[in-house]
Amino acid sequence: MNPKSEEMQKRLTHIGNLNNYIEDLLQKVPGNLINEKQRKKLTEAIMDDDDLNNLLEGLKNPRPPRFVLVGRTGVGKSSLVNAMSGMYLAEVSDVEIGTKEARKFTYEADGQVYFEVIDTRGIGESETFDKKAEDELSEVVREFRPDALLFLQKATERAHIDKDVIATKQLMDKTGGDLPLVAILTHIDELNPSRVKEPDRYPDEKLRLIGEKKAQLERIFAEHGLEATAILPVSSYIEWDRDPEAMPENDRHELRIGFDGRRGIEELLDFLEESLDVRAAIHLGLTVRLNRVAIRISERFIKIFSALSATVALSPIIATDIAVLLTLQSILLMIIAYLSGRELEFRTARELLVSLGGIGATGFTLRMVAQQGSKLANLLFPGAGSAISAGIASGGTYAIGKAAVAYYLRGVPEHELGQVVQDARKEYEEQQEEDK
Ligand SMILES: Nc1nc2c(ncn2[C@@H]2O[C@H](COP(=O)(O)OP(=O)(O)O)[C@@H](O)[C@H]2O)c(=O)[nH]1
Ligand SMILES: [Mg+2]
């Protein structure tokens, strides 16, 4: 394994183990920092959170997303799937599925299944696609229980599309329900000027053409009473570091991206992650965007811990509460670091908190407590300035969570964390205002 996939493997293991890790963590918090009642409350708050449970459930039982791909040969179906995963995937054929209008297979690399698809081979392409074939295909698609139907059309072409749209409309009517239909305009890099492949350098003319093509596709859909959940223009253009054709099929997953001309793929993945069943969304995230999954889970923890911080500080805060707050924040930090593939000692987490406190996340009082450790834990803080309101406590936890996500998961350098904390505090306050 190369170092990168080793790193990924470690993170994957960490994310999969999260449940155990948290249980462990809560057991290990020193008894002089939180009492048993608080420990129990913390455990319950984490375990009873529905959204979090959903995420964790998805982590335990991820399954590859299932897509129905509609689009003619050459439209870019295989390339799109490679573009989504950032890898050169092998098409592994499945068993016969009882219709010649479609083929079912998986996209794999190194034994790992990324996607399951039914490729309709362009229903519009077939000469024999009659009523009976249509019924057969619908049946097969229904049984497949797809997460989404992806309709692909080349941005550079207008021919034959009506026939595909009509066939798709019928397929959607028969199998539809609330199946998301994503219309994808492929090959947008080939719109003029087609020599410009760098995704961040598309000139206005190219962007204008993309908009035009999008509107055009929207019109055709509307004419046929077909409604796309989204229309997304993409370029799947990738130059690999070696020539795939010159390699044995089984080794092609080792190809790395040489030139990356992908555009619109992140948006497509965002959209899919939002609309797929959580287990499929997690699988997609785990295989292609590990960081996204980690960030999503972190965001959930930030919410839980901010809310908990507020309850800690409901009454004018005393030193023991500050110790609890600090513990909460340390645990949050440790969880987010863990999701990034690292492991922090409780002490390290606290030291980190202190440095973040120094840039205004938690305020002076917390920093002092951190420095003094539990020595102060049983003392009432003197003076009015020591009473931390629920809002400040909760906002501080929120800001610390955001800073941790920025540092561990988004790669923001340490010297910029001060700004992250400030922004997070502002964001928190705005949210509070909105909630009022
Ligand atoms: N420039 C460019 N070429 C693409 C794009 N998508 C696919 N291709 C190329 O178009 C050809 C057909 O793509 P393929 O994925 O095999 O189409 P499929 O038959 O629908 O699976 C291949 O040569 C791809 O490299 C794209 O977005 N931009
Ligand atoms: Mg193909």
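Trainee: Is glutamate 136 buried, exposed or partly exposed?
Mentor: Glutamate 136 counts as partly exposed, because its relative accessibility is 31%. Buried means under 20% relative accessible area, exposed over 50%, and partly exposed in between, with a 1.4 Å probe and protein chains only.

Trainee: What sort of model is this, and how do the numbers and letters work?
Mentor: This is a predicted model, in which local features need pLDDT of at least 70, side-chain atom pairs count only at pLDDT 80 or more, and totals for chains, interfaces and linings use all residues. Residues are numbered from 1 along each chain as its sequence is written, chains are lettered from A and ligands numbered from 1 in the order in which they are written, and side-chain values use heavy atoms, with hydrogens and water left out.

Trainee: Back to glutamate 136, where does it lie?
Mentor: Glutamate 136 is in helix α6, residues 131-144. Helices (H or I, at least four residues) and strands (E, at least two) are DSSP runs, numbered from the N terminus.

Trainee: How far is glutamate 136 from threonine 99?
Mentor: The two are 37 residues apart in sequence, and their C-alpha atoms are 6.4 Å apart in space.

Trainee: Which residues of α6 are buried?
Mentor: Ala133, Glu134, Leu137, Ser138, Val140, Val141 and Phe144 are buried in α6. They cover an arc of only 165° around the axis, which puts them on the same side of α6. The arc is that of the directions from the helix axis to the C-beta atoms.

Trainee: What is on the other side of α6?
Mentor: Lys131, Lys132 and Glu143 are exposed there.

Trainee: And what do the buried residues of α6 pack against?
Mentor: They pack against β1 (66-70), β3 (103-109), β4 (112-119) and α7. Contact means heavy atoms within 4.5 Å.

Trainee: What comes just after α6?
Mentor: Arginine 145, with a positive phi of about 45°, although it is not a glycine. Arginine 145 sits in the loop between α6 and β5 and counts as exposed, at 56% relative accessibility.

Trainee: What about aspartate 110, what is its phi?
Mentor: Aspartate 110 has a positive phi of about 55° and is not a glycine. Aspartate 110 is in the loop between β3 and β4 and is exposed, with a relative accessible area of 63%.

Trainee: New topic. How many residues has α8?
Mentor: Helix α8 (residues 204-223) has 20 residues and reaches 29 Å from its first C-alpha to its last, close to the 28 Å expected at 1.5 Å a residue. The expected span is 1.5 Å times one less than the number of residues.

Trainee: Which residues of α8 are buried?
Mentor: Lys206, Leu209, Ile210, Lys213, Leu217, Ile220 and Phe221 are the buried residues of α8. They cover an arc of only 115° around the axis, which puts them on the same side of α8. The buried residues of α8 pack against β5 (148-154), α7 (161-175), β6 (181-186) and β7 (230-233).

Trainee: What does the face turned away carry?
Mentor: The exposed residues Asp204, Arg219, Ala222 and Glu223. After α8 comes glycine 225, whose positive phi is near 65°.

Trainee: Where is the cis peptide bond?
Mentor: It runs from asparagine 192 to proline 193, with omega near -10°. Proline 193 lies in the loop between β6 and α8.

Trainee: At what angle do α9 and α10 cross?
Mentor: The axes of α9 (residues 265-275) and α10 (residues 278-288) cross at roughly 145° and come within 8 Å. Axes are lines fitted to C-alpha atoms, for helices over the stretch in contact, and angles run from 0 to 180 degrees between N-to-C directions.

Trainee: Which residues meet there?
Mentor: Leu269, Leu272 and Glu273 in α9 meet Ala281, Leu284, Gly285 and Val288 in α10.

Trainee: How many residues of α10 are buried?
Mentor: In α10, 9 of the 11 residues are buried, so α10 is largely enclosed by the rest of the structure. Among them are Ile282, His283 and Thr287.

Trainee: And the protein overall?
Mentor: The secondary structure comes to 16 helices and 9 strands. Buried residues make up 52% of the 436 residues.
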